[in-house]
Structures are given as C-alpha cells and as structure tokens.
Amino acid sequence: MSRILDTVLARPGETLAAHTKAVVAQVEQLESARPLPAWPDLYRRLKAAAWLHDSGKLALSFQRMLRNPRKPWGLRHEALSLAFVHWLPLSEDDLPWVLAAIATHHRDLSVMLELYRFPQRQQQLITELPPGPVSAWYTWLQRCGLVLQPFSTPAASALGAAQRV
C-alpha cells in the first residue's frame with residue numbers, strides 16, 4: 001500500500017484502505033451466507049459501492065477532524081464519495097443503485113440532495129480533495145483488482161449525479 005494511504009483514516013485507529021477491505025469482505029460474506037437468486041445484480045452493485053463508499057474521507061478537513069474532533073468538518077463524506085463513481089465502468093442500470101448505496105450509507109437521500117443541490121456547495125467539497133492521496137487511492141483500488149476507467153480527478157459536476165437516483 002502507498003505510504004500516503006498509510007496516514008489516511010476512515011476513523012480513529014483504522015485506515016481507509018483497511019476499512020474499505022473490511023466492508024467489501026462483509027458484502028462477500030453476506031453473499032456467501034445469503035445468496036439471492038431473485039436479485040442477481042445486488043451483490044455486484046453492493047461491492048462496487050463498498051469499494052468507493054468512503055472515498056470522500058480523503059478530504060483534508062475530514063482527516064483533520066479525525067485527528068482533532070473538536071473541529072468538526074460540517075460537510076458529508078458520502079456526498080464527496082459520489083465524485084469517485086465515474087472511476088467504475090458501470091452500466092446505466094447499475095449506476096443509480098451504486099449512487100444510492102453510497103449517498104445513503106449514513107443519511108437519508110432527501111437530506112443529501114438538499115445539502116448538496118447547489119453547485120457552489122459541491123465545489124466546496126471537491127476543493128477538499130488532495131491530489132496525492134486521490135491518485136494513490138486510484139492506484140490502490142486497481143491493485144485490489146478493480147477494473148477502473150482511465151484516471152481522472154473527481155469533479156464537482158459528478159456530485160450532481162445523486163439527482164439521478
């Protein structure tokens with residue numbers, strides 16, 4: 001793993017990479033324990049969401065908040081995580097499911113849409129992303145075996161994708 005990612009936390013005491021792998025493993029365990037033949041795409045979609053669900057925690061102020069909880073960030077990492085979904089080669093059928101899973105893994109969709117419906121609020125999120133960790137995150141995801149689209153930096157316009165859910 002990249003030395004840059006060694007310092008990126010999902011929560012105190014757990015790196016983003018370790019947390020992500022644990023969440024993906026939980027989805028895989030659930031799939032093995034409870035196959036759902038009536039929903040053939042469910043677990044593939046959930047795994048796609050699991051890989052990216054906390055990507056927004058790369059945000060500089062989120063990392064500062066974890067190290068100093070007295071300084072809250074005031075923004076939502078789930079919304080910022082949506083800006084990474086374009087890395088995945090998703091079909092038009094899969095996209096709304098993955099977006100919904102990421103956007104709502106902590107908050108109701110209506111809350112997320114209300115908070116981030118304005119472009120200036122979306123841009124405020126994007127400016128929090130440091131290029132080095134974003135690039136390292138992309139490389140790490142590839143090394144984990146994900147097939148990704150060619151690298152591009154997350155853009156504020158991608159945050160509006162939640163409107164399609």
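Q: What does Trp 137 touch, once residues up to four places away in sequence are left out?
A: In this predicted model, Trp 137 touches Leu 5, Leu 16, Ala 17, Thr 20, Trp 51, Leu 52, Ser 55, Leu 58, Phe 84 and Trp 87.

Q: What makes Trp 137 stand out in the largest nonpolar core?
A: That core has 47 residues, and Trp 137 is among the ones that touch the most other members. Leu 52, Leu 58, Phe 84, Trp 87 and Leu 141 are also on that list. Some of these meet directly: Leu 52, Leu 58, Phe 84 and Trp 87 are in the contact set of Trp 137.

Q: Why is Ser 81 called buried?
A: Buried means under 20% relative accessible area. Ser 81 has 0%, so it counts as buried. Ser 81 sits in helix α4, residues 77-81.

Q: Which residues does Ser 81 contact, leaving aside its neighbours within four places in sequence?
A: Ser 81 is in contact with Leu 52, His 53, Asp 54, Ser 55, Gly 56 and Ile 102. Leu 52 turns up here again, as one of the core residues with the most contacts to other members.

Q: Why is Lys 47 called partly exposed?
A: The label covers what falls between the buried cut-off of 20% and the exposed cut-off of 50%. Lys 47 comes in at 22%, so partly exposed it is. Lys 47 belongs to helix α2, residues 42-52.

Q: What does Lys 47 contact, setting aside its neighbours within four places in sequence?
A: Val 27, Glu 28 and Glu 31 are in contact with Lys 47.

Q: Which residues of α2 are buried, and what do they pack against?
A: The buried ones are Tyr 43, Arg 45, Ala 48, Ala 49, Ala 50, Trp 51 and Leu 52. They pack against α1 (16-33), α4, α5 (94-103) and α8 (131-143).

Q: Lys 57 is a lysine, so why is it labelled the way it is: buried or exposed?
A: Go by the number. Lys 57 has 9% relative accessibility, and the cut-off for buried is under 20%, so Lys 57 counts as buried. Lys 57 is in the loop between α2 and α3 (60-67).

Q: What does Lys 57 touch, not counting residues up to four places away in sequence?
A: Lys 57 touches Val 8, Leu 9, Ala 10, Leu 16, Phe 62, Gln 63 and His 77.

Q: How do you know whether Phe 62 is buried or exposed?
A: Phe 62 has a relative accessible area of 7%, which is under 20%, so it is buried. Phe 62 lies in helix α3, whose buried residues also include Ser 61, Gln 63 and Leu 66. The buried residues of α3 pack against β1 (9-11) and α4.

Q: Which contacts does Phe 62 make beyond four places in sequence?
A: Phe 62 is in contact with Leu 9, Ala 10, Lys 57, Trp 73 and His 77. Its C-alpha atom and that of Pro 154, 92 residues apart along the chain, are separated by 17 Å.

Q: What does the radius of gyration of the protein chain say about a compact globule?
A: For 165 residues, a compact globule would have a radius of gyration near 15 Å; the chain has 15 Å, so the two agree. The C-alpha atoms fill a box of roughly 45 × 35 × 30 Å along the principal axes.

Q: What makes up the chain as a whole?
A: Nine helices and two strands, running β-β-α-α-α-α-α-α-α-α-α from the N terminus. Of the 165 residues, 45% count as buried.

Conventions: Residues are numbered from 1 along each chain as its sequence is written. This is a predicted model: local features need pLDDT of at least 70, side-chain atom pairs count only at pLDDT 80 or more; totals for chains, interfaces and linings use all residues. Side-chain values use heavy atoms; hydrogens and water are left out. Helices (H or I, at least four residues) and strands (E, at least two) are DSSP runs, numbered from the N terminus. The radius of gyration is taken over C-alpha atoms; the globule rule is 2.2 Å times the number of residues to the power 0.38. Buried means under 20% relative accessible area, exposed over 50%, partly exposed in between (1.4 Å probe, protein chains only). Contact means heavy atoms within 4.5 Å. A nonpolar core is a set of buried Ala, Val, Leu, Ile, Met, Phe, Trp, Tyr and Cys residues joined through side-chain atoms within 4.5 Å.
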